[in-house]
Amino acid sequence: MLENKKILVLGMARSGYHVAKLLASKNEIIVTDRNEQNKDLIKELNELGIDFIQSENGEELVNENIDVLIKNPGISQNHIKS
């Protein structure tokens, strides 16, 4: 299991939401999605210490401070630019 990592979850939907919750207790998590998300789910994530950022270009949040990127399987591989 991952511990003490800064993790960016690209794409919320069901799997991004659940992986963020699973990893939250021992990591710093940021979830990003281009679409507006359910406010109750965002509130629940925030209460677990998870940040949510709505952004058209969530991949731009990847930088040297991010240890792990988890891409939601619903996001096309072509969406992420190198």
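Here are a few friendly notes on the sheet and the salt bridges of this structure.

1. A word before you start: this is a predicted model, so please read each point below as a description of that model.

2. Four strands make up an open sheet, and their order across it is 3-2-1-4. The pairing is parallel. As background, strands in a sheet are joined through backbone hydrogen bonds, and the pairing can be parallel or antiparallel.

3. Which strands stand at the edges? They are strand 3 (51–54) and strand 4 (68–71). Each has a single partner strand, so one side of each has no neighbour in the sheet. If you look at how the strands are turned, neighbouring ones in this sheet make an angle of 20° with each other on average, direction ignored.

4. Now zoom in on one pair. Strand 1 and strand 4 pair in the parallel sense, over four bridges.

5. Next come the charged side chains. In general, side chains of opposite charge can pair when their charged atoms come close. How many salt bridges does the structure hold? There are four, and the next points look at some of them.

6. K6 and E28 form a salt bridge, with 3.7 Å between the closest N and O atoms. K6 belongs to strand 1 and E28 to strand 2, so this pair ties together parts that are 22 residues apart in sequence.

7. Another salt bridge joins K26 to E3, and here the closest N and O atoms are 3.7 Å apart. This pair links distant parts of the chain, 23 residues apart. K26 sits in the loop between helix 1 (13–23) and strand 2 (28–33), while E3 is in the segment before strand 1 (6–10). K26 is partly exposed at 45% relative accessibility, and E3 is partly exposed with a relative accessible area of 41%.

8. Finally, look at K39 and E36. They form a salt bridge whose closest N and O atoms are 3.7 Å apart. Both K39 and E36 are exposed.

Conventions:
Residues numbered from 1 in each chain as written. Predicted model: local features only at pLDDT ≥ 70, side-chain atom pairs only at ≥ 80, totals over all residues. Heavy atoms only, no water. Salt bridge = Lys/Arg side-chain N within 4 Å of Asp/Glu carboxyl O. Helix = DSSP H or I, 4+ residues; strand = E, 2+ residues; numbered from the N terminus. Buried < 20%, exposed > 50% of the residue type's maximum accessible area, 1.4 Å probe, protein only. Pairing = 2+ DSSP bridges. Axes fitted to C-alpha atoms, helices over the stretch in contact; angles between N-to-C directions.
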